[in-house]
Amino acid sequence: MYRRILTYSVLIYILCGTVISPPNSLSRPMPADLQLAVHTDMEGPVSGYLVSEKLDGVRGFWDGRQMSSRSGRLIAIPSWFVDGFPTYPLDGELWMGRGTFEQMSSLARRKEPIDAEWRKVKFMVFDLPSHPGSFVERYTTASKNLHVGSEYLTLIEQKRLDNQHQLDIWFSEVVASGGEGLMLHKVSSLYVAGRNPNLIKLKPYYDAEARVIAYQAGKGKLQGVMGALLVENQQGVRFKLGTGFSMKERRNPPEIGSTVTYQYSGFTQKGTPRFARFLRVRPIE
């Protein structure tokens, strides 16, 4: 009940345009407080969702005073970057453009910000965590309040599509242009902590994480370097990752015990990821 009262108070401040610091209980979320998307089928027609492009950046949570990562680690950002940001919470993505995840990830992990690099970044907002309303209400509120204030703050556009055909066309266009895919937000969905079945990732391939258990030596042209990683995913399934590595990564493979992100397309009958390939080592947060 206390949290509900606080969230309504923050909403009143937002609607009135008043600059108010959020209550302390909302200012520093634990990682589990963030809403996470799922890979699942839609419930009902496409028209019941607002759809946006999925950005391959670094998840950022602005608590009204500072920026933190999905794990809760503070991100060092120049003061000028957040000048004009609101004093209520924002959930979004720190983004430098398509195909720049590695650069953005490296920048976000630095203890001291690099001004020249941060001028290439925008904080792309996709939700208002403290707003108690439905997603369409949260998006409407954000549209009214986030269009001014900072050149480094942008609200991600949400589109209402009429049918599956329109969704398929836009999805194909985004992927062909180097985008990751689409995000589907059910219009009636509330912001909830953890995995929300009403927030859906639509990607040509899915990605997940696994822990490195062992190495398999390379053969033939890969003689003398790592041939594959033996990994274990979050479901306890063990399998090999043998593709997606550069020669440099094969000579210096991810450490045993480290976590890697892999890409896959569905599952085999045995429950192992189909066409799994290495993407990157997950940064330590």
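The legends below describe close-up views of a predicted model.

Local features are given only at pLDDT of at least 70 and side-chain atom pairs only at pLDDT 80 or more, while totals for chains, interfaces and linings use all residues. Residues are numbered from 1 along each chain as its sequence is written, and side-chain values use heavy atoms, with hydrogens and water left out.

**View 1. An open sheet of five strands.**
The strands follow the order β4-β3-β5-β6-β7, and their pairing is mixed. Strands (E, at least two residues) and helices (H or I, at least four) are DSSP runs numbered from the N terminus; two strands pair if DSSP finds at least two bridges between them. The edges are β4 (67-68) and β7 (153-155), each with a single partner strand, so one side of each has no neighbour in the sheet.

**View 2. Strand β3 and its two partners.**
Residues 58-62 form β3, which pairs with β5 (residues 90-95) in the antiparallel sense over five bridges. Val58 has Leu94 as its bridge partner in β5. β3 and β4 also run antiparallel, joined by two bridges, and Phe61 stands opposite Ser68 in β4. Four residues lie between the strands in the hairpin of β3 and β4, where Gly64 takes a positive phi near 105°.

**View 3. The cover over β3.**
Five of the five residues of β3 are buried, buried meaning under 20% relative accessible area with a 1.4 Å probe, protein chains only. Val58, Gly60 and Trp62 point one way from the strand, and Arg59 and Phe61 point the other way. Helix α3 (residues 101-109) lies across β3 and β5 and runs at about 40° to β3. This angle is taken between N-to-C directions on a scale from 0 to 180 degrees, with axes fitted to C-alpha atoms, for helices over the stretch in contact.

**View 4. The surroundings of Glu53.**
Glu53 belongs to strand β2 (residues 49-54). With a relative accessible area of 19%, Glu53 is buried. Leaving aside residues up to four places away in sequence, Glu53 touches Arg98, Trp170, Val174, Gly179, Gly181 and Leu182; contact means heavy atoms within 4.5 Å. The side chains of Glu53 and Arg98 make a polar contact (2.9 Å). Such a contact is a pair of N or O atoms within 3.5 Å; within protein, one must be able to donate a hydrogen and the other to accept it, and residues adjacent in sequence count only if both atoms are side-chain atoms.

Methods:
Buried < 20%, exposed > 50% of the residue type's maximum accessible area, 1.4 Å probe, protein only.
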